[in-house]
Amino acid sequence: MNWRVLALEAHDAYFNMAADQAISEAVSGDDAPATIRFYTWKPSAVSIGCFQSMKDEVNIERCRELDVDWVRRRTGGGAVFHDASGELTYSVIAKEHHLPAGIHESYRHISAWIIDGLKSVGIEATYAPINDIVVQGRKISGNAQTRREGIFLQHGTILYDLDVMKMFSVLKVDAAKISDKMVKSVEERVTKVLNHADITQEELYDAMLKSFTDGKEYSMGAMSENELTRTKELAETVYKTDAWNFSR
Amino acid sequence: MIGLAKQKVPNGKLLIVKLEHEDGKITCVELLGDFFLYPEETVYKIEGAIKGMDVNTSETDIISKVKAIAEAEKATMLGITPEAIAQTVKAAVKQ
């Protein structure tokens with residue numbers, strides 16, 4: 001199988017989530033090959049899992065003040081703050097039979113690509129079921145997957161430079177709880193690449209590009225015109241709408 | 001009456017149940033949290049089955065109902081269980 005790899009691009013939250021769906025549809029219709037995509041979020045954004053409540057999880061007023069977008073994902077999992085310069089996001093989109101059938105097995109399978117990439121920059125990480133990758137017990141990567149109409153989609157983030165206070169300001173946490181103790185608690189549970197390796201965000205991307213494609217036939221590619229048109233349509237009609245984002 | 005209960009499922013994820021009940025019947029319910037459920041649409045079927053239940057429905061009966069839906073939908077739950085859903089629904093009703 002020849003994978004298509006979409007090089008790192010920065011887009012807003014609505015484009016990013018719409019692109020994952022548009023590519024999934026194209027792969028399902030045999031209009032696109034299995035795809036590995038790298039992206040960042042510009043402006044910064046909060047994404048929530050498909051079973052979460054936007055009103056409960058996200059401080060919308062604070063997001064407005066800070067020019068932070070908010071979007072509901074098609075995947076489960078928790079709320080994530082995607083800092084424009086603080087993380088790297090990937091998506092893997094393929095027909096289900098190209099990846100391990102079991103959910104845990106497929107998480108483990110793709111986690112190995114991330115773990116190998118981190119290892120290549122000197123960071124020893126391990127898979128922590130269900131959907132995390134940890135370094136010395138602290139989370140450095142969160143991942144989520146869905147399988148619809150025979151298509152496997154997994155996307156996830158690798159934390160490069162987490163700003164805990166900024167994260168707290170957009171996620172709905174009682175102001176009283178944002179104490180030094182709580183920040184310390186998060187920093188004890190979460191880590192970032194910069195805590196372990198003195199590399200740039202671009203060097204992290206290079207490492208992940210190499211580990212995600214290692215041993216695979218692949219070509220660097222681009223989204224087709226149809227995929228881009230569908231992405232823009234989905235961004236406007238689904239991912240930007242309150243009907244979708246505040247549906248729960 | 002409005003009820004809300006939360007549970008961090010052991011070795012799993014956070015499950016929040018929000019519901020309303022009137023005259024002894026659950027009139028609306030939402031299962032929220034950072035869990036995974038495949039296919040995702042199964043959540044609406046589970047919510048639909050809980051809606052209309054008598055508030056005194058036993059935990060065992062709720063578990064059976066959720067398991068039957070999961071089996072019919074060939075659903076996979078990650079981070080939650082039918083038992084956790086039943087416990088949290090009962091806790092929300094009691095509030």
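This is a predicted model: local features need pLDDT of at least 70, side-chain atom pairs count only at pLDDT 80 or more; totals for chains, interfaces and linings use all residues.
## Overall shape of chain A

Chain A contains nine helices and 11 strands. Its radius of gyration is 17 Å, close to the 18 Å that the globule rule gives for 248 residues, so chain A is as compact as a globular protein of that length. Along the principal axes, its C-alpha atoms fill a box of roughly 50 × 45 × 30 Å.

Of the 248 residues, 44% count as buried.

## Helix α8

Helix α8(A) covers residues 225-239. At 1.5 Å a residue, its 15 residues should span 21 Å; the end C-alpha atoms are 20 Å apart, which agrees.

Which residues of α8(A) are buried? They are E227(A), R230(A), T231(A), L234(A), A235(A) and Y239(A). Seen down the axis of α8(A), the buried residues fall within an arc of 140°, so they line one face of the helix. An α-helix has 3.6 residues a turn, so residues three or four places apart point the same way. On the other side of α8(A), the exposed residues are E225(A), T229(A), E233(A), E236(A) and T237(A). The cover over the buried residues includes α1 (13-28), β4 (69-72) and α9 (242-245) of chain A.

## Strands of chain A

Strand β4(A), part of that cover, has buried residues pointing both ways. D69(A) and V71(A) point one way, W70(A) and R72(A) the other, and all are buried. Strand β3(A), residues 45-48, pairs with β4(A) in the parallel sense over four bridges. Within this pairing, I48(A) stands opposite R72(A).

Strand β11(A) is hardly covered. Among its five residues, 217-221, the count of buried residues is zero. Strand β1(A), residues 2-11, pairs with β11(A) in the parallel sense over five bridges. In β11(A), G221(A) is the bridge partner of L6(A).

## Loops of chain A

G102(A) sits in the loop between β6 (87-95) and α4 (103-120) of chain A. Is G102(A) buried or exposed? G102(A) is exposed, because 11 other C-beta atoms lie within 10 Å and the cut-off for exposed is 12 or fewer. G102(A) and V92(A) are 10 residues apart in sequence and 16 Å apart in space, C-alpha to C-alpha.

The peptide bond from P129(A) to I130(A) is cis, with omega near 15°. I130(A) belongs to the loop between β7 (126-128) and β8 (132-135) of chain A.

## The interface with chain B

In the interface, 14 residues of chain A are in contact with 15 residues of chain B. Strand β9(A), residues 138-148, gives the largest share of the chain A side, three residues. That side divides into four nonpolar, seven polar and three charged residues.

## Local features of chain B

Y38(B) and P39(B) are joined by a cis peptide bond, with omega about -10°. P39(B) is in the loop between β4 (36-38) and α1 (42-50) of chain B.

D23(B), a residue other than glycine, has a positive phi near 50°. D23(B) lies in the loop between β2 (14-22) and β3 (25-33) of chain B. It is exposed, with 7 other C-beta atoms within 10 Å. K74(B) is not a glycine, yet has a positive phi of about 50°. Its place is in the loop between α2 (59-72) and β5 (76-78) of chain B. K74(B) counts as exposed, with 9 C-beta neighbours inside 10 Å.

Definitions and conventions. Residues are numbered from 1 along each chain as its sequence is written. Chains are lettered from A and ligands numbered from 1 in the order in which they are written. Helices (H or I, at least four residues) and strands (E, at least two) are DSSP runs, numbered from the N terminus. The expected span of a helix is 1.5 Å times one less than its number of residues. A residue is buried if 20 or more other C-beta atoms lie within 10 Å of its own, exposed if 12 or fewer, and partly exposed in between; C-beta atoms are placed from the backbone. The arc is that of the directions from the helix axis to the C-beta atoms. Two residues are in contact if their C-beta atoms, placed from the backbone, lie within 7 Å. Ala, Val, Leu, Ile, Met, Phe, Trp, Tyr, Cys and Pro count as nonpolar, Asp, Glu, Lys and Arg as charged, and the others, Gly among them, as polar. The radius of gyration is taken over C-alpha atoms; the globule rule is 2.2 Å times the number of residues to the power 0.38. Two strands pair if DSSP finds at least two bridges between them.
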